[in-house]
Amino acid sequence: MIDDIHRLDAEVRLRPATPADAASLAVSLTRSRAYMQPWEPDRPDTFYTEQGQRERLAGMLADRDAGRVMPWVLADEQDRVVGGFNLNGIVLGPFRSGVLGYWVDVEYAGRGLATSAVERICELARDELRLHRVEAGTVLDNVASQRVLAKCGFEQYGMAPRYLHINGEWRDHRLFQRILHDGPLTG
């Protein structure tokens, strides 16, 4: 189920984000700030504070309640956040699609957690949300994220020039999608 906890390895699990995650998110994002800078938008310093994350979570959870977003976190054995995964822009009807975004704490990168989490989120998107497809985009040189998507069955379907303002400039992005099913519209 969407609201279940999903163990990814002996130490880390994927679970729904909650308001109580604000402080832990701020710590993890601050620790990983320099590591993620090449692939992230410029963010104000307040983004990296507990209050900034509390406000961000409140907005995401309101969007979740409206059916537009599904936010999850990776949490370690002490329930500290070590990554974030969002299925954004969820559209139902004949489109039945969502946009995946994710990050993993610098201290947990390279362990296969992103691959495991993306695979589980695609299963939930297919089985629980009945989405037809999930899409994702990466800056051209984010090879690690492209490998995650490829391992999870995403196919590149295009390139978008100057797609997002990342790390101080408009950056080209590779666009990927994973078709989850070709069954009838339900739900």
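Look at strand β3 in this predicted model: Met70, Trp72 and Leu74 point one way, Pro71, Val73 and Ala75 point the other way, and all are buried.

Now for the partners of β3. On one hand there is β2 (residues 13–16), which pairs with β3 in the antiparallel sense. On the other hand there is β4, which also runs antiparallel to β3. Alanine 75 shows up in both pairings: arginine 13 stands opposite alanine 75, and alanine 75 stands opposite valine 81 in β4. β3 and β4 form a hairpin with five residues between them, and aspartate 79 in that turn has a positive phi of about 65°.

Histidine 165 stands opposite tryptophan 170 in β8.

| Strand pair | Sense | Bridges |
|---|---|---|
| β2 and β3 | antiparallel | four bridges |
| β3 and β4 | antiparallel | six bridges |

What about the inside of the protein? The largest nonpolar core has 32 residues, and those touching the most other members are Trp72, Leu74, Phe85, Leu87, Leu100, Val118 and Phe154. Elements giving two or more residues to this core include β3, β4 (81–91), β5 (97–104) and α5 (143–151). Which element gives the most? That's α4, with eight residues.

Leucine 74 is worth a click in your viewer. Leaving out residues up to four places away in sequence, leucine 74 touches a list of residues that includes Leu8, Val12, Arg13, Val81, Phe85, Val104, Leu113 and Ala117. There is also a second, separate core of 12 residues, and Val73 is one of its members, along with Leu25, Phe47 and Tyr48.

Back to helix α4. Its buried residues are Leu113, Ala114, Thr115, Ala117, Val118, Ile121, Cys122, Leu124 and Ala125. You can check its length yourself: at 1.5 Å a residue, the 15 residues of α4 should span 21 Å, and the C-alpha atoms at its ends are 21 Å apart, so the two agree.

Technical notes
Residues numbered from 1 in each chain as written. Predicted model: local features only at pLDDT ≥ 70, side-chain atom pairs only at ≥ 80, totals over all residues. Heavy atoms only, no water. Core = buried A, V, L, I, M, F, W, Y, C linked by side-chain atoms within 4.5 Å. Buried < 20%, exposed > 50% of the residue type's maximum accessible area, 1.4 Å probe, protein only. Contact = heavy atoms within 4.5 Å. Expected span 1.5 Å × (residues − 1). Pairing = 2+ DSSP bridges.
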